[in-house]
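Here's a quick briefing to read next to the model.

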Amino acid sequence: MRVVANSETCAVASLCVYRLPGVFDQDEEGLVLVLDDHPDTALHEEVHRAVRACPTNSIRVVETD
């Protein structure tokens with residue numbers, strides 16, 4: 001799994017940061033940053049929940065081998 005985020009469409013809702021602060025953070029303007037683009041397998045379900053919770057669909061998961 002690889003996590004990608006588009007800060008240009010981010011609405012600064014912070015839901016991803018609250019859900020997974022080890023994977024997501026915010027820059028000085030509050031826009032999404034991905035801290036861990038290849039999170040541990042144990043976090044995959046939570047990452048998918050964060051993706052679904054993003055109000056602007058600014059986060060996505062790219063499945064890798």
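This is a predicted model: local features need pLDDT of at least 70, side-chain atom pairs count only at pLDDT 80 or more; totals for chains, interfaces and linings use all residues.

Residues are numbered from 1 along each chain as its sequence is written, and side-chain values use heavy atoms, with hydrogens and water left out. The chain has two helices and four strands, and the order along the sequence is β-α-β-β-α-β. Here helices (H or I, at least four residues) and strands (E, at least two) are DSSP runs, numbered from the N terminus.

**Overall dimensions**
- The radius of gyration is 11 Å, which agrees with the value near 11 Å for a compact globule of 65 residues; it is taken over C-alpha atoms, and the globule rule is 2.2 Å times the number of residues to the power 0.38.
- Along the principal axes, the C-alpha atoms fill a box of roughly 35 × 20 × 15 Å.
- Take contacts (heavy atoms within 4.5 Å) between residues at least 6 apart in sequence: 56% of them join residues at least 24 apart.

**Surface and charge**
- Of the 65 residues, 32% count as buried; buried means under 20% relative accessible area, exposed over 50%, and partly exposed in between (1.4 Å probe, protein chains only).
- There are 5 positive and 12 negative side chains, with the centres of the two sets 9 Å apart.
- For that tally, Lys and Arg are positive and Asp and Glu negative, with His and the chain ends not counted; each charge is placed at NZ of Lys, CZ of Arg, CG of Asp or CD of Glu.

- Beyond its neighbours within four places in sequence, Ile59 is in contact with Val3, Val4, Ala5, Cys16, Phe24, Ala50, Val51 and Cys54.

**Loop between β1 and α1**
- Asn6 lies in the loop between β1 (2–5) and α1 and is partly exposed at 34% relative accessibility.
- Setting aside neighbours within four places in sequence, Asn6 is in contact with Val32 and Ser58; Asn6 and Thr56 are 50 residues apart in sequence, yet 9.6 Å apart from C-alpha to C-alpha.
- Val12 lies in the loop between β1 and α1 too, and is partly exposed at 35%.

**Positive phi**
- Most residues other than glycine have a negative phi.
- Val12 has a positive phi of about 60 degrees although it is not a glycine.
- Asn57, in the loop between α2 and β4, has a positive phi of about 55 degrees and is exposed at 63%.
- Asn57 and Ala11 are 46 residues apart in sequence and 9.6 Å apart in space, C-alpha to C-alpha.
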